[in-house]
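Please take me through this model stop by stop. Tell me what to select next in the viewer and what is there.

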Amino acid sequence: MVWIRIVALLAVCGSGIGPAVAETVCFSAEETRDHVQKLGLVALHDIVRSARGAGHADLISARLCETNGNMVYMITMLGREGKVMRLTVDARTGDLINNR
């Protein structure tokens with residue numbers, strides 16, 4: 001009986017009736033350089049410098065991703081008090097979209 005419910009749930013979710021899921025594709029370092037140059041995106045080092053100046057400390061990771069047609073940097077930084085911060089920055093404008 002439980003399996004029937006699971007199969008039914010998977011059928012509904014897989015049919016496009018379920019909630020939409022944001023598709024995110026992240027790029028390698030080489031692809032990031034190409035996208036920055038071809039699309040005129042803000043360079044990652046400028047974004048990181050700006051984030052550090054805003055009171056954030058050390059860069060842990062950063063990657064360029066495309067989410068729902070928007071180019072964003074997903075950045076993880078270690079704050080001065082040891083707090084891990086995840087930033088989402090618009091790669092076209094350099095504006096902060098999300099800070100968790």
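Against which strands do the buried residues of helix 3 pack? They pack against strand 2, strand 3 and strand 4. Keep that answer in mind; the tour returns to helix 3 below.

**Whole chain**

Start with everything shown as a cartoon. This is a predicted model. Count three helices and five strands. Trace them from the N terminus: the order is α-β-α-α-β-β-β-β. Now colour by burial. Of the 100 residues, 25% count as buried. Turn to contacts between residues at least 6 apart in sequence: 39% of them join residues at least 24 apart.

**Helix 3**

Select residues 44–53, which make up helix 3. Show the side chains of Ile47, Val48 and Ala51, the buried residues of this helix. Look down the axis. Spacing along a helix matters here. An α-helix has 3.6 residues a turn, so residues three or four places apart point the same way.

The structure holds one salt bridge. Both partners lie in helix 3, three residues apart, or about one turn of the helix. How exposed is each end? Aspartate 46 is partly exposed, at 33% relative accessibility. Arginine 49 is exposed, at 54%.

**The nonpolar core**

Next, select Leu64, Tyr73 and Ile75. Within the largest nonpolar core, which has 13 residues, these three touch the most other members. The elements giving two or more residues to this core are helix 3, strand 3 (70–78) and strand 4 (84–90). Which strand gives the most to it? Strand 3 does, with four residues.

Centre on isoleucine 75 and show its surroundings. Leave out residues up to four places away in sequence. Isoleucine 75 then touches Leu44, Ile47, Leu59, Ser61, Ala62, Met85, Arg86, Leu87 and Val89. One of these, Ile47, is among the buried residues of helix 3.

**Alanine 62**

Step to alanine 62, in strand 2. Is this residue buried, partly exposed or exposed? Alanine 62 is partly exposed, at 29% relative accessibility. Beyond its neighbours within four places in sequence, alanine 62 is in contact with Leu44, Met74 and Ile75. Now draw a C-alpha to C-alpha distance from alanine 62 to methionine 77. It reads 8.6 Å, for two residues that are 15 apart in sequence.

**The disulfide**

Select cysteine 26 and cysteine 65. They form a disulfide, with sulfur atoms 2.0 Å apart. The count for the structure is one disulfide. The link is right-handed, with 95° about the S-S bond. What does the pair tie together? Cysteine 26 lies in strand 1 (residues 24–26) and cysteine 65 in strand 2 (residues 58–67), so the pair ties together parts that are 39 residues apart in sequence. Cysteine 26 is partly exposed, at 34% relative accessibility. Cysteine 65 is buried, at 0%.

**Threonine 32**

Move to helix 2, residues 29–39, and pick threonine 32. This residue is buried, with a relative accessible area of 11%. Display its contacts beyond four places in sequence: Phe27, Leu64 and Tyr73.

**Last stop: asparagine 68**

Finish in the loop between strand 2 and strand 3, where asparagine 68 lies. Read its backbone angles. Phi is near 50°, a positive value in a residue other than glycine. Asparagine 68 is exposed, at 56% relative accessibility.

Terms used
Residues are numbered from 1 along each chain as its sequence is written. This is a predicted model: local features need pLDDT of at least 70, side-chain atom pairs count only at pLDDT 80 or more; totals for chains, interfaces and linings use all residues. Side-chain values use heavy atoms; hydrogens and water are left out. A salt bridge is a side-chain nitrogen of Lys or Arg within 4 Å of a carboxyl oxygen of Asp or Glu. Buried means under 20% relative accessible area, exposed over 50%, partly exposed in between (1.4 Å probe, protein chains only). A disulfide is a pair of cysteine sulfur atoms within 2.5 Å. Contact means heavy atoms within 4.5 Å. A nonpolar core is a set of buried Ala, Val, Leu, Ile, Met, Phe, Trp, Tyr and Cys residues joined through side-chain atoms within 4.5 Å.
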